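Here is a short briefing on one protein model. Keep the structure open beside the text as you read.

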Amino acid sequence: MTAQLALDDAGLRRLLHGLPPVDQVGADARAARLGTRSIKTTAKAEALDLAVRMVDLTTLEGADTPGKVRALCAKGAHPEPNQPDCPSVAAICVYGDMVATAKAALAGTGIKVASVATAFPSGRAPLAVKLADTAAAVEAGADEIDMVIDRGAFLAGRYGAVAEEIAAVKQACRTGGHDAHLKVILETGELATYDNVKRASWLAMLSGADFIKTSTGKVSPAATLPVTLLMLESVRDFRAQTGRQVGVKPAGGIRTAKDAIKYLVTVNETAGPDWLSPDWFRFGASSLLNDLLLQRRKLATGVYSGPDYVTVD
């Protein structure tokens, strides 16, 4: 893999364009079939709890305040305060300047703090700025970094530049002796083709990504089931070839428990049960948790609660 990363743009182009092409019609049809699978009530209860545990509860707004972040952390740690059997979320995802606030609020919970970095969401900044952005978040206590690739460089075929940038950010994740996990955001809605999604997935993994992530949530379309299926196939095949397992994180537009369960079925059927863990699959979401809680309560009580049962974040 190191030798492959040393290739120039022409070499990486041969490598990435040598990947088997994607049958778009077939991918869409398979995702549609998986989306129709039904599961039994007991399995549904387990799926809802697993989905809660996989949520990266997110706030990425210019109007974010320390109070809002602390409230979100409290919700992530105890989504159902009156039901102690309700699991906590995987992580709280914030801008870098809110990392210290989230870290303090989550002390002792085991919940990770994730920070977006590298000039999120555009990714349009000099590398030195992106590395400083990453290092600052890691020094503030971020356990995970969600970086964005330079989509312009990728679409222009400058694969070497994209690979070098990901590798450099991965190194910055080790600032001060830390070892933050790196999630690489492909922004699949801007990549135009399924073949590009597959190539970007492999390029990110070859460059050191711990996770590959669909979207920033700021571009439409964000996460879709067919794109996530392609990324799951990529991590499965990458592990088969290299022995290294990489996670997947769909983000943006996943709002209902029904949709979350479709994604879990797709994970199991495509990559396999090894990925059915918060260590290897996450949902980037702000509103999904509310519907998971409502559906969880419906299974427990037999009745639907009103929307005021959950907080509006």
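Leu-106 is buried, because its relative accessible area is 4%, under the 20% cut-off. This is a predicted model. Leu-106 sits in the loop between α6 (99-105) and β3. From there, the points below move to the sheet, the helices, the rings and the cores.

**Around Leu-106**

- Leu-106 touches Cys-73, Ile-92, Ile-111, Lys-112 and Val-113, leaving out residues up to four places away in sequence.
- Its C-alpha atom is 7.5 Å from that of Ala-77, although Leu-106 and Ala-77 are 29 residues apart along the chain.
- Helix α5 (residues 66-77) lies across β1 (55-58) and β2, and runs at about 160 degrees to β2.

**The sheet as a whole**

- Strands of a sheet pair through backbone hydrogen bonds, either parallel or antiparallel.
- Here, eight strands form an open sheet, and the pairing is parallel. The order is β7-β6-β5-β4-β3-β2-β1-β8.
- Which strands stand at the edges? They are β7 (247-249) and β8 (283-285). Each has a single partner strand, so one side of each is left without a neighbour in the sheet.
- From one strand to the next, the twist averages 25 degrees.

- β1 and β8 pair in the parallel sense over three bridges. Val-55 stands opposite Phe-283 in β8.
- β1 also pairs with β2, again in the parallel sense, over three bridges. Leu-57 stands opposite Ile-92 in β2.
- Both faces of β1 are covered. Val-55 and Leu-57 are buried on one side, and Asp-56 and Thr-58 are buried on the other.
- β2 (residues 91-94) pairs with β3 (residues 112-116) in the parallel sense over four bridges. Ile-92 stands opposite Val-113 in β3.

**Strands β4, β5 and β6**

- Five bridges join β4 (residues 144-148) to β5, and these strands run parallel. Asp-146 has Lys-183 in β5 as its bridge partner.
- Three bridges join β5 to β6 (residues 211-213), which also run parallel. Ile-185 stands opposite Lys-213 in β6.
- How many of the five residues of β5 (residues 181-185) are buried? Four are, so the strand is mostly covered.

**Helices**

- α9 (residues 159-172) has 14 residues. At 1.5 Å a residue, α9 should span 20 Å. Its end C-alpha atoms are 20 Å apart, which agrees.
- Buried residues in α9 include Tyr-159, Val-162, Ile-166 and Val-169. Glu-165 and Lys-170 are buried there too.
- Ser-234 has its place in helix α11. Is Ser-234 buried or exposed? Ser-234 is buried, with a relative accessible area of 1%.
- Ser-234 is in contact with Lys-198, Ser-201, Trp-202 and Met-205, leaving aside neighbours within four places in sequence.

**Aromatic rings**

- The count of aromatic pairs comes to five.
- One of them joins Trp-202 and Phe-238. The ring centres are 5.5 Å apart and the planes are at 75 degrees, so the pair is edge-to-face.
- Trp-202 lies in helix α10 (residues 194-206) and Phe-238 in helix α11 (residues 225-242). The pair therefore ties together parts that are 36 residues apart in sequence.
- Both Trp-202 and Phe-238 are buried.
- Phe-281 and Phe-283 form an edge-to-face pair, because their planes are at 90 degrees, with ring centres 5.3 Å apart. Both Phe-281 and Phe-283 are buried.
- Ring pairs link Tyr-263, Phe-281 and Phe-283 into a cluster.

**Nonpolar cores**

- The largest nonpolar core holds 89 residues. Which members touch the most other members? They are Ile-92, Ile-145, Val-184, Phe-281, Phe-283 and Leu-292.
- Phe-281 has contacts that include Met-54, Phe-211, Leu-232, Val-248, Tyr-263 and Trp-275, leaving aside neighbours within four places in sequence.
- A second, separate core has seven residues. Among them are Cys-93, Val-116, Phe-120 and Ile-185.

Key
Residues numbered from 1 in each chain as written. Predicted model: local features only at pLDDT ≥ 70, side-chain atom pairs only at ≥ 80, totals over all residues. Heavy atoms only, no water. Pairing = 2+ DSSP bridges. Helix = DSSP H or I, 4+ residues; strand = E, 2+ residues; numbered from the N terminus. Axes fitted to C-alpha atoms, helices over the stretch in contact; angles between N-to-C directions. Contact = heavy atoms within 4.5 Å. Buried < 20%, exposed > 50% of the residue type's maximum accessible area, 1.4 Å probe, protein only. Phe/Tyr/Trp six-rings, centres within 6.5 Å; stacked < 30°, edge-to-face > 60°. Core = buried A, V, L, I, M, F, W, Y, C linked by side-chain atoms within 4.5 Å. Expected span 1.5 Å × (residues − 1).
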